[in-house]
Amino acid sequence: MTNSKKFIGYVGTYTKSTSKGIYSFVLDTEEKKITNVELAAELENPTYATVSKDNKYLYAVGKEGSLGGVAAYTVDPDTGKLEFINKQFTEGASPCHVSVDNNKSYTLTGNYHKGTVEAYPLNADGAVQELTAKVEHTGTGPNTARQEKPHMHFTGFTPDERFVVSVDLGIDKVETYKLTDGKLETVYSLSVKPGSGPRHIAFHPNGKFAYVMTELSNEVITLSYNSETGELKDLQYISALPIDFTENSQGSAIHLSSDGKFVYAGNRGHNSIALFSVNSETGTLTFIEHTSTEGNWPRDFVLDPTEQFVVASNEQSDTLTLFERDEATGKLTLLQSEIHAPEPVCVKFLNY
């Protein structure tokens with residue numbers, strides 16, 4: 001979309017009831033509202049999607065009967081329309097996370113049910129080739145209900161893309177790998193607090209720190225990161241919930257502002273986004289406030305390309321919520337709630 005005041009976004013969904021696949025929407029930054037939520041591609045359970053840096057391709061996890069894998073689409077940057085290229089599906093549960101490198105050489109998936117990291121080479125036309133590398137974790141964690149086996153929840157690239165990083169909820173591990181000639185080799189393995197259930201990771205723009213949102217303990221873990229060696233160390237654990245909150249809540253997404261000053265973390269159950277300020281010297285966090293997502297079970301949220309807005313996806317209330325963001329304080333102000341989007345899981349914008 002050539003109008004710089006309007007941005008195209010995508011919603012990855014579950015398709016258990018009314019959703020048909022991947023949806024697109026438009027954020028109008030002048031009108032300060034979200035419009036045009038519509039089906040962009042039919043796919044079963046495209047719960048997570050990612051867009052290539054040049055906006056040419058969108059990759060989504062998905063399933064088809066007893067098969068699961070990743071599907072590729074071309075993106076029309078003016079209209080947001082998606083056109084199917086191809087898919088690579090194999091027997092078994094579908095992945096829960098997907099990412100792509102800046103050069104469009106590989107797409108990575110993380111499979112919660114299989115406990116695997118998988119790397120698929122990409123063709124010049126954006127098509128996904130058969131996977132060439134798979135790392136399968138083993139082990140358990142102390143939470144017998146949720147950590148009976150490995151549960152990979154995130155796979156991505158470090159900021160300089162020298163390493164691949166994975167987050168395993170089932171065995172409380174964050175690991176880095178080298179991806180060479182289509183093969184993955186473990187570089188460093190960090191065990192975090194037992195039973196915390198790490199879910200997603202986001203890196204600080206200075207490349208020295210990273211932040212992990214835990215699903216089971218609802219905490220943010222501050223990590224130091226050595227970009228030369230791929231080594232990670234845990235520095236701080238800070239709750240994303242109020243002290244007096246005792247009901248069920250599970251951590252979801254985590255994102256940083258690009259100036260590195262603020263960390264945002266999602267709470268499903270408390271139904272909020274927690275805001276933290278970042279100490280630029282130590283990387284550690286200080287809690288500022290909670291903002292209600294005005295819906296049930298915020299699975300994800302995203303900062304828009306201007307970072308003046310935040311869009312949250314409430315899976316169990318079938319809604320998106322739009323906030324205005326104060327860039328000086330990091331605080332969020334509600335603009336629009338109850339924007340219908342069926343079974344929303346992840347939210348992504350095209351890159352502008």
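A pocket, as I use the word today, is an open set of grid points with protein on both sides within 12 Å along at least five of seven lines, and a lining residue has an atom within 4 Å of a point. Hi everyone, and one caution before we look: this is a predicted model.

Let me begin with the second largest pocket. Its lining has 28 residues, and those nearest the centre are Tyr14, Thr47, Cys96, His113 and Arg299. The space there comes to about 450 Å³. Strands E16, E20, E24 and E28 each give the lining at least two residues, and E20 gives the most, with three. By class, that lining splits into 10 nonpolar, nine polar and nine charged residues.

Now to the largest pocket, which holds about 1,500 Å³ of space. Here 40 residues form the lining, with Thr50, His255, Leu256, Lys348 and Asn351 nearest the centre. Several strands supply two or more of the lining residues, among them E4 (49-51), E8 (97-100), E12 (152-157) and E20 (250-256). The class count for this lining is 20 nonpolar, 13 polar and seven charged.

One last stop, Lys331. Where does Lys331 lie? You'll find Lys331 in the loop between strand E26 (319-325) and strand E27 (332-340). Lys331 counts as partly exposed because its relative accessibility is 37%, and the band for that label runs between 20% and 50%. Beyond its neighbours within four places in sequence, Lys331 is in contact with Leu275, Ile288, Glu289, Glu324, Arg325 and Asp326. Thanks, all!

Notes. Residues numbered from 1 in each chain as written. Predicted model: local features only at pLDDT ≥ 70, side-chain atom pairs only at ≥ 80, totals over all residues. Heavy atoms only, no water. 1 Å grid on protein atoms, 1.4 Å probe; cavity = no way out; pocket = protein on both sides within 12 Å on 5 of 7 lines; lining within 4 Å. Points joined across faces, edges and corners; volume = space filled by probe spheres on them. Helix = DSSP H or I, 4+ residues; strand = E, 2+ residues; numbered from the N terminus. Nonpolar A, V, L, I, M, F, W, Y, C, P; charged D, E, K, R; others polar. Buried < 20%, exposed > 50% of the residue type's maximum accessible area, 1.4 Å probe, protein only. Contact = heavy atoms within 4.5 Å.
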